[in-house]
Amino acid sequence: DPVHKATIIPRGRALGVTQFMPEEDRVSYHESQIIARLGWLLGGRAAERLIYNDMSTGAADDLKQATRLARMMVTQWGMGERVGPVFFRASEEHPFLGREMSETRDHSEHTAQIIDEEVGRILREADERAYRMLEEHRDEMERLTEALIEREVLTVSEIEEIIGKRAGSPVEPSGDEVAASIDNPV
């Protein structure tokens, strides 16, 4: 989703926020979109490593969201390389204390270990991609940082003025284009 605005004014427990504005309602996401989301969730942590060669506790909520998303990729959406196309019940589905312990699990300890390894791999790869991207675009990051310190809030037009217009997500074919490709296969 395109950026709507960014701010360094604290919002709740967040020290700063980047707001995204979806262009349309979605009911499903492509793996590439989820991986991109993991990258921006881990971007603040990657920026701390790049600039300070240190990390703070500021990324805790981002890590929580990224871990949840990576676990859903592996256990619910069949996007884990080693686990494959299966669905495992999520532990969050059992809100009552102790209930999860009394229910039978739908996978073994070995599978649980593989799931944990896959989640870790996905998160490490996303963290590394975020770091490399920030490293590659460090000058733009520095310009945005200076502007945020000066103005505290940046709109999309101000962001584009500072770093230029960015290419959006890949354009998904419309329903007519999909129907035409089915009717006229290559």
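A search of the whole structure, which is a predicted model, finds 13 salt bridges. One of them joins R121 and E81, whose closest N and O atoms are 3.8 Å apart.

**Salt bridge**

- Side chains of opposite charge can pair when their charged atoms come close.
- In the pair of R121 and E81, the closest N and O atoms lie 3.8 Å apart.

**Helix α1 against helix α3**

- Helix α1 covers residues 31–41 and helix α3 covers residues 60–75; their axes are 9 Å apart and the packing angle is about 160 degrees.
- Because of this angle, α1 is roughly antiparallel to α3.
- The crossing of these two helices, α1 and α3, is left-handed.
- On the α1 side, the contact is made by E31, I34, I35, R37, L38 and L41.
- On the α3 side, D62, Q65, A66, L69, A70 and M73 make the contact.
- Sorted by class, the contact of α1 with α3 has eight nonpolar residues, three charged residues and one polar residue.

**Helix α1 against helix α5**

- The axes of α1 and α5 come within 8 Å of each other and cross at roughly 65 degrees.
- That angle is why α1 counts as roughly perpendicular to α5.
- The crossing of α1 and α5 is right-handed.
- From α1, the residues in this contact are I35, L38 and G39.
- From α5, the residues are I122, L123, A126, R129 and A130.
- The contact of α1 with α5 consists of six nonpolar residues, one polar residue and one charged residue.
- I35 and L38 of α1 take part in the contact with α3, and I35 and L38 are also listed in the contact with α5.

**Confidence of the prediction**

- The chain has a mean pLDDT of 80, and 80% of its residues reach 70 or more.
- Among the elements of the chain, helix α5 (residues 109–136) has the highest mean pLDDT, 95.
- Helix α8 (residues 175–183) has the lowest mean pLDDT among the elements, 42.
- Over residues 167–186, pLDDT stays under 50.
- For residues 167–186, the model has three contacts beyond four places in sequence.
- Where pLDDT is low, the predicted coordinates should not be read in detail.

Note on methods
Residues are numbered from 1 along each chain as its sequence is written. Side-chain values use heavy atoms; hydrogens and water are left out. Axes are lines fitted to C-alpha atoms, for helices over the stretch in contact, and angles run from 0 to 180 degrees between N-to-C directions. Helices (H or I, at least four residues) and strands (E, at least two) are DSSP runs, numbered from the N terminus. Angles under 35 degrees count as roughly parallel, over 145 as roughly antiparallel, 65 to 115 as roughly perpendicular and the rest as oblique. A crossing is left-handed if the near helix is turned anticlockwise from the far one by less than a right angle, and right-handed if clockwise. Contact means heavy atoms within 4.5 Å. Ala, Val, Leu, Ile, Met, Phe, Trp, Tyr, Cys and Pro count as nonpolar, Asp, Glu, Lys and Arg as charged, and the others, Gly among them, as polar. pLDDT is the predictor's confidence in each residue, from 0 to 100. A salt bridge is a side-chain nitrogen of Lys or Arg within 4 Å of a carboxyl oxygen of Asp or Glu.
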